[in-house]
Amino acid sequence: MALPPSAKPLRADAERTVRAILEAAERVLSANPAAPMEQIAEAAGVARTTVHRRFASREALITALAAWATQRFHDAVEAARPDTAPPAVALYQATANVLRVKIGWGFAMNALPADAPEVARVHAAVQAQCERLFGRLRDAGVLRPGTDPDWARRVYYALIHEAATEAPETDAAVDALATRVVDTLLRGVGA
C-alpha cells in the first residue's frame, strides 16, 4: 500500500488489517455508497474502533481507498511491461490487468476526481506509457498504416471503460473480455 511520505511503514499485521478494511470498503461501498463505517468494519471482520484508528473519517477512508486503487491501476500497466514486451503482448496483458483493477475496484477508481494530485500524477504516468506503447504498435505494423496512435489510444480507453461495465466474475471471463477488447481495437467491427 502506498503510504503518505510522512507515514511510518506499517507492521505486517497492521498492513493486513488495512488491506482487509480497504477490500471490505470496496465491496460495501460498491453496493451502497452511503454505507456507514460500522458496516465496513463488520464486512472487514474488525471492530469499528479499528477502522477509526486507521482512518480518522469516512472521507479519509475513501481517499485511502482511491489511492490504493490508483496504485493498483499503475501497477497493472507496469506489470504488462509496455516498454519492453512485444507490443501486441503488452497491449493484451495491459488490457487484462487493467480490466481486473477496474472491475475489482470500481468504486475506488471513481472515488476521487481525475484532477486530484495523486490520481492525476498516476494517470499521467500511465498515459505516457500507453502513448509509447501505441507508438510501438504502429512501428511494429500492428496498427494499420496511417492510424493516428493518439486516436487509437483514446478509442482503446473507451473500449476498456465499456468492457469493465460487464463485470465478469472469473479470470477466464476477464481474459475473454480482454481478447474481445483487443480484437475490436485491432480489427474493428466491420466485415
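## A chat about Arg81 and its chain

Me: Hi! Where does Arg81 lie?
Reply: Hi! This is a predicted model, and in it Arg81 lies in the loop between α4 (58-79) and α5 (87-104).

Me: What is phi of Arg81 near?
Reply: Phi of Arg81 is near 50°. That is a positive value, and the residue is not a glycine.

Me: Okay, new topic. How many helices and strands does the protein chain have?
Reply: There are nine helices and zero strands. Going from the N terminus, the elements read α-α-α-α-α-α-α-α-α.

Me: What box do the C-alpha atoms fill?
Reply: Along the principal axes, the box is roughly 60 × 35 × 30 Å.

Me: And how many of the 191 residues count as buried?
Reply: In the protein chain, 37% of the 191 residues count as buried.

Me: What about the accessible surface?
Reply: For the protein chain, that surface comes to about 10500 Å². Carbon and sulfur atoms account for 55% of the surface.

Me: Let's switch to contacts. What share join residues at least 24 apart?
Reply: Taking contacts between residues at least 6 apart in sequence, 68% join residues at least 24 apart.

Me: Last one: how many positive and negative charges are there?
Reply: The protein chain has 22 positive and 22 negative charges.

Notes:
Residues numbered from 1 in each chain as written. Predicted model: local features only at pLDDT ≥ 70, side-chain atom pairs only at ≥ 80, totals over all residues. Heavy atoms only, no water. Helix = DSSP H or I, 4+ residues; strand = E, 2+ residues; numbered from the N terminus. Buried < 20%, exposed > 50% of the residue type's maximum accessible area, 1.4 Å probe, protein only. Contact = heavy atoms within 4.5 Å. Areas by Shrake-Rupley, 256 points an atom, 1.4 Å probe, with all protein chains shown as cover. Lys, Arg positive; Asp, Glu negative; His and termini not counted. Charge placed at Lys NZ, Arg CZ, Asp CG, Glu CD.
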